[in-house]
Amino acid sequence: MKIFMDTANVDEIKEFADQGIVYGVTTNPTLIARSGRTQAEVIPEICKLIPGPVSAEVISTDCQGMVKEAKKLAKIADNVVVKIPCITEGLKAVKILHEKGIHTNVTLVFSLGQALLAARAGATYVSPFIGRLDDIGEDGVQLVADMVKVFRLYDLPTQIIAASIRSVDHVNKVMLTGADIATIPTKVLRELIHHDLTDKGLAKFLEDYRNSKK
Ligand code: G3P
């Protein structure tokens with residue numbers, strides 16, 4: 001499973017860019033707003049920091065508008081992926097963009113049926129939102145597991161990005177499903193490295209090293 005960062009905060013991306021663990025980045029209008037900057041400012045900077053796929057979302061809701069925005073976004077850098085909402089007009093846009101060789105990430109996916117339609121329209125990536133499904137009492141991780149099964153069963157090339165991840169437990173569970181990618185918020189990414197026993201073990205090793213030199 002590849003790791004993406006789910007943030008539009010350039011400083012946060014810089015913190016991880018040289019660790020070699022982050023393969024791509026996903027953003028959305030909420031994350032852009034939270035960064036306090038514009039999409040036009042942030043996306044080119046992120047694309048320079050991270051050579052892998054960087055998702056930037058359209059805000060149009062009609063096919064023509066989405067395609068127009070997508071073409072503009074795709075010109076920013078070779079690694080831009082255009083994020084398109086999973087609505088009828090969106091899937092029409094995905095088909096057109098696929099034919100033009102522009103990579104897409106179909107977002108706001110909450111069901112197996114939506115995922116299949118996105119894949120059949122030609123989406124490069126599809127993003128099931130697991131935390132938001134958990135919020136309404138459904139099982140987000142189970143949706144990812146079902147998607148992995150269906151995509152393998154029918155040999156669909158679309159990659160699955162587990163999104164709306166809220167915890168280390170989510171990351172561990174989607175890893176076991178065989179999802180291609182998890183897009184992880186910075187807070188959760190920082191927590192992933194930490195384990196109490198690592199800290200305690202290291203403290204003890206250093207203490208024993210110091211004592212052995214006395
Ligand atoms: O990648 C999608 C993500 O940004 C949505 O997360 O926590 O707002 O449901 P959340």
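This is a predicted model: local features need pLDDT of at least 70, side-chain atom pairs count only at pLDDT 80 or more; totals for chains, interfaces and linings use all residues.
A polar contact here is a pair of N or O atoms within 3.5 Å. Residues are numbered from 1 along each chain as its sequence is written, and side-chain values use heavy atoms, with hydrogens and water left out.

**Ligand contacts**
- Arg132 also has a side-chain N or O atom 2.7 Å from a ligand oxygen.
- For the side chain of Ser164, the distance from an N or O atom to an oxygen of the ligand is 2.7 Å.
- On its own the ligand exposes 310 Å², and the protein buries 83% of that (Shrake-Rupley areas, 1.4 Å probe).

**Ligand shell**
- Around the ligand (a heavy atom within 4 Å) you'll find Asp6, Asn28, Leu31, Phe129, Arg132, Ala163, Ser164, Arg166 and Thr183.
- Sorted by class, that shell holds 3 nonpolar, 3 polar and 3 charged residues.

**Aromatic pairs**
- There are 3 aromatic pairs, counting rings of Phe, Tyr and Trp (its six-membered ring) with centres within 6.5 Å.
- Phe4 and Tyr23 count as stacked because their ring centres are 6.4 Å apart and their planes are at 20° (stacked is under 30 degrees, edge-to-face over 60, tilted the rest).
- This pair links distant parts of the chain, 19 residues apart: Phe4 is in strand S1 (residues 2-6), and Tyr23 is in the loop between helix H1 (10-17) and strand S2 (24-26). Helices (at least four residues) and strands (at least two) are DSSP runs.

Conventions. A polar contact is a pair of N or O atoms within 3.5 Å; within protein, one must be able to donate a hydrogen and the other to accept it, and residues adjacent in sequence count only if both atoms are side-chain atoms. Ala, Val, Leu, Ile, Met, Phe, Trp, Tyr, Cys and Pro count as nonpolar, Asp, Glu, Lys and Arg as charged, and the others, Gly among them, as polar.
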